[in-house]
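Here is a report on a predicted model. Keep the sequence and the structure in view while reading.

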Amino acid sequence: MNRPDLRPGQLTIAALVLLTVVAVLLGLRNEDLRDLAALLDYLGRASAIVGLLMLLLAAVLSARLPRLDRHFGGLTHLWQTHHRLGAGSLLLLMAHPLLLALAASAGSGGEAVAFLFPPLADWALWSGWAALVLMMLFLAPSFSFFGRPHYERWKHLHRLSGPAVLLALLHSAQYGRTLPGSLQTLLWWLLGVLALAALVWHFGLSRRFGRRRYVVERTMMVANNLVELVLAPVGRRRLRYRAGQFVYLTPYDETLSAGHGEEHPYTLSSSPLDEHLRVAIKDLGDASRAIQTIQLGSRVTVEGPYGDFFPRRDDDRSQLWIAGGIGITPFLARARHIARLGVPVDVHLIYCVQDEARARFLDELRDHAAALPGFELTAHLFYRMGPLDRDFLTEHCPDHATRAWFICGPTPLNRLARGMARSAGVARRDIHTEAFDLL
Amino acid sequence: MKKLAFAAFIAFWSVIATLLALAMLAPPASEPAVPATADGPPSISLAEFTRHASPGDCWLAIEGRVFDVTEYVGRHPAPREVLTAWCGREASAAMRGEGDVGETQHEHSARAWRLLDRYHIGALEEDPRVERASQ
């Protein structure tokens, strides 16, 4: 398993969690160690504090503010942090009532049940139950409790996170007794306000203030399951982005059989110097299938940009690009941008596909390779050559160990290429990956 | 991570279901922790009772009975001061959630009353509620 990248964003989150754990440990008193029941009671309270903190931090990250994601190494990495926080929060907050019930039970199941299910008038305790059940509901699809979730249903269910956060804070305000009062007030108020503001922004205000309007000017069927949309800006607000970034695109075309008014993440395939935005969309589900036939002139909105795949400043380092399938799009955008800039580069692109017939944009990339000094292209055909390996790299790109690696494709390819880079001795900071699995 | 979360989810509801089953199979609620003897519970004077008025030595008088809840102070589910404010005092109203006893007070559950019995140490010689009412 690859170690997660630690950028300032992840480090800040880890530091906040660690500081809270330290504060909880400092709140440990002698009487908490008196007997097993007292210890279980303390652990029950400690799990609630750290679990609530993780829930609030996960909510804060969900704001999905453009440019914030760069501190996490891109939105995909930010979502992974959000996902881990959500999982940790759920585990700890499920442990919380059980530990307290065990502490209060004195070995009696009846006492434990009486603790867990008090009279309805005990609203403070029931607010905790409500928060936990809501968490289970909105996190169930995220962790595929009942099979792979439907994307839009999953997003709708995630709106329950707002009431869950409110109820959890209400519950904590009634029972909090482990942290010093001032620290508890500061922590929960500050993070509570930030978390709720983030949720309000994400589920409400961003639609109005965070999105830019475009209109579909042209569509190009690259293959029978891949369309490239050319979008013209409406009004003066245009998206500023870097080559290889992605956006959340929402189509407003009522003739679509699916996905009308739904936002989905797609990589921009255009150069930032282009007048129009271009988005390459592969048919991978109901919405992306329907959008293949979107009507010309229909309105779309884009929110972003997101992603931190390529460095913000161009450097002179030689680069190895490894693309798999539709993972070619950020490299296509980058190649188009290099072509617009007309500057020499030192880039070797390994394009991994099953066979040449499925190598989308291969002709255009070959044209770029022929025209751009220092831009080399090699196609790796899985059906003929088997999985990508070091021998192939050594044969076609002998200096691959000295290059900065950029990898974008399906998860197995990302994992394989990352492993090859590590075994070739490439430093972790020189390995850049982008994944499409946001769930 | 998905497998771990799912396993924990199943484990959580399994524990809850097991506890519910145990509660249904358990015998009815037990008798008070301090049974009445021929002489009755130990008698505690008001002067003695009021000496135990700190979080580290906390006695409560509730409906004529005295409880040493010192051990329980740190485990009370509400913030510590909600309970410690009543140390060395007559706390029947707080336990019943009656009268002006603060907005966080409420009628305590049957379980809370049973839990209280564990800390029963005696009976108060004079009932401060009667004393207060007569003043």
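## The parallel sheet

Five strands of chain A form an open sheet with parallel pairing. Their order is β9-β8-β7-β10-β11. From one strand to the next, the twist averages 15°.

Which strands stand at the edges? They are β9 (375-381) and β11 (431-434) of chain A. Each has a single partner strand, so one side of each is left without a neighbour in the sheet. Further in, β7 (residues 319-324) and β10 (residues 404-408) of chain A pair in the parallel sense over five bridges. Within this part of the sheet, A:Leu320 stands opposite A:Trp405 in β10(A).

## Helices by the sheet

Helix α11(A) lies across β8 (347-353) and β9 of chain A. Its direction is at about 145° to β9(A).

The axes of α10 (residues 329-341) and α11 (residues 362-371) of chain A come within 11 Å. They cross at roughly 40°, and the crossing is left-handed. From α10(A), the contact is made by A:Leu332, A:Ala335 and A:Ala339. From α11(A), A:Leu365, A:His368 and A:Ala371 take part. By class, this contact has five nonpolar residues, one polar residue and no charged ones.

## Antiparallel pairing

Strand β6 (residues 299-306) of chain A pairs with β1 (residues 211-223) of chain A. These two strands run antiparallel and are joined by five bridges. Here A:Val215 stands opposite A:Arg299 in β6(A).

β6(A) also pairs with strand β3 (residues 246-252) of chain A. That pairing is antiparallel too, over six bridges. A:Pro251 stands opposite A:Val300 in β6(A).

## Chain A as a whole

Chain A has 14 helices and 11 strands. Its C-alpha atoms fill a box of roughly 75 × 50 × 40 Å, taken along the principal axes. Of its 439 residues, 46% count as buried.

## Nonpolar cores

The largest nonpolar core has 108 residues. Which of them touch the most other members? A:Leu56 and A:Tyr351 do. Among the elements, α2(A) gives the most to this core, with 15 residues.

A:Leu56 touches A:Val165, A:Leu191, A:Gly192 and A:Ala195, leaving aside residues up to four places away in sequence.

## Where chain A meets chain B

How many residues of each chain are in contact with the other? On chain A there are 32, and on chain B there are 24. Four elements of chain A give two or more residues to the side that touches chain B. They are α2 (36-61), α3 (75-105), α4 (109-116) and α7 (161-175).

By class, this side of chain A has 18 nonpolar, six polar and eight charged residues.

Terms used: Residues numbered from 1 in each chain as written. Chains lettered and ligands numbered in written order. Predicted model: local features only at pLDDT ≥ 70, side-chain atom pairs only at ≥ 80, totals over all residues. Contact = placed C-beta atoms within 7 Å. Nonpolar A, V, L, I, M, F, W, Y, C, P; charged D, E, K, R; others polar. Axes fitted to C-alpha atoms, helices over the stretch in contact; angles between N-to-C directions. Left-handed = near helix turned anticlockwise from the far one by under 90°. Buried ≥ 20, exposed ≤ 12 C-beta atoms within 10 Å, placed from the backbone. Core = buried A, V, L, I, M, F, W, Y, C linked by C-beta atoms within 7 Å. Pairing = 2+ DSSP bridges.
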